Amino acid sequence: MTEFYSTEDLIAILNQERRACIRGQRLNLAAKASGSPVIDQFLQIEGVQKFSAYQDFKATVHHYQREHQVSGVVWRTITLGEKSLRFPVVDEQLIALEGDMAILKAAKESAIAFWQTATQGMDLYLILNQRKDYQQIQMAEAIAIAQRTEWASLMKWEKHDFLEIVLQLGWGKPEEAAYKRGWPTSGSEYIHAVKPGAKPIC
């Protein structure tokens, strides 16, 4: 009987391969620099070969995911005060299958409700210009943005005197939603909640 890899197996395999590529144990020798003499003088060809080798391997894993319908979803828990929420995200190295998108969409409202409750009294900032700038907004504006998106994710940065809660509101493929890689069919808006008077970390 054929044994298939699980989501956790694929994540472990990709982590192992990434480490091997970083150490230079895997190189795509066919990988070339950009082709521009101006840009190429600043690029190390070995770095390009390491990156290309990992990207090729990751594409193979994504093909395996599609062929064997291996989910890219992992479950995370965020705890704020005495309240916790367990919610789904697509692992940053994997892709979302059609069924994964249904899971993400079904969890959106609970993630937003948790964030809305947890951020009462905090200042809200919408991140702009590819995370280089931000603009303060009100909760009603945040909810209006949420209504135009398909799925949500939560993150936090917390120290003894600092708390920042980030709501990622996305649409399209999660693996293409960050950093405008799949814009406009996939993308994300980020809303940061911080203590009154504090500024967000972009």
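How many helices and strands does the protein chain have? This is a predicted model, and its protein chain has 6 helices and 7 strands. The order reads α-α-α-β-β-α-β-β-α-β-β-α-β.

Now show the surface. The protein chain exposes about 12,200 Å². Carbon and sulfur atoms supply 52% of that area. Of the 202 residues, 42% are buried.

**Stop one: the helix pair**

Select 98-118, which is α4, and 139-147, which is α5. The two axes come within 12 Å and cross at roughly 170°. Because that angle is over 145 degrees, α4 runs roughly antiparallel to α5.

Show side chains at the contact. From α4, pick Lys 108, Ile 112, Trp 115 and Gln 116. They meet Met 139, Ala 142, Ile 143, Ala 146 and Gln 147 of α5. By class, the contact holds 6 nonpolar, 2 polar and 1 charged residues.

**Stop two: Met 122**

Move on to the loop between α4 and β3 (123-128), and select Met 122 there. Is Met 122 buried or exposed? Its relative accessible area is 15%, so Met 122 counts as buried, the cut-off being under 20%.

Which residues does Met 122 touch, leaving out those up to four places away in sequence? Display Leu 163, Ile 165, Ala 193, Val 194, Lys 195 and Pro 196. Finish with a distance label: the C-alpha atoms of Met 122 and Ile 165 are separated by 9.6 Å, with the two residues 43 apart along the chain.

Key. Residues are numbered from 1 along each chain as its sequence is written. This is a predicted model: local features need pLDDT of at least 70, side-chain atom pairs count only at pLDDT 80 or more; totals for chains, interfaces and linings use all residues. Side-chain values use heavy atoms; hydrogens and water are left out. Helices (H or I, at least four residues) and strands (E, at least two) are DSSP runs, numbered from the N terminus. Buried means under 20% relative accessible area, exposed over 50%, partly exposed in between (1.4 Å probe, protein chains only). Contact means heavy atoms within 4.5 Å. Axes are lines fitted to C-alpha atoms, for helices over the stretch in contact, and angles run from 0 to 180 degrees between N-to-C directions. Angles under 35 degrees count as roughly parallel, over 145 as roughly antiparallel, 65 to 115 as roughly perpendicular and the rest as oblique. Ala, Val, Leu, Ile, Met, Phe, Trp, Tyr, Cys and Pro count as nonpolar, Asp, Glu, Lys and Arg as charged, and the others, Gly among them, as polar. Accessible areas come from the Shrake-Rupley method with a 1.4 Å probe; for residues, only the protein chains shown count as cover.
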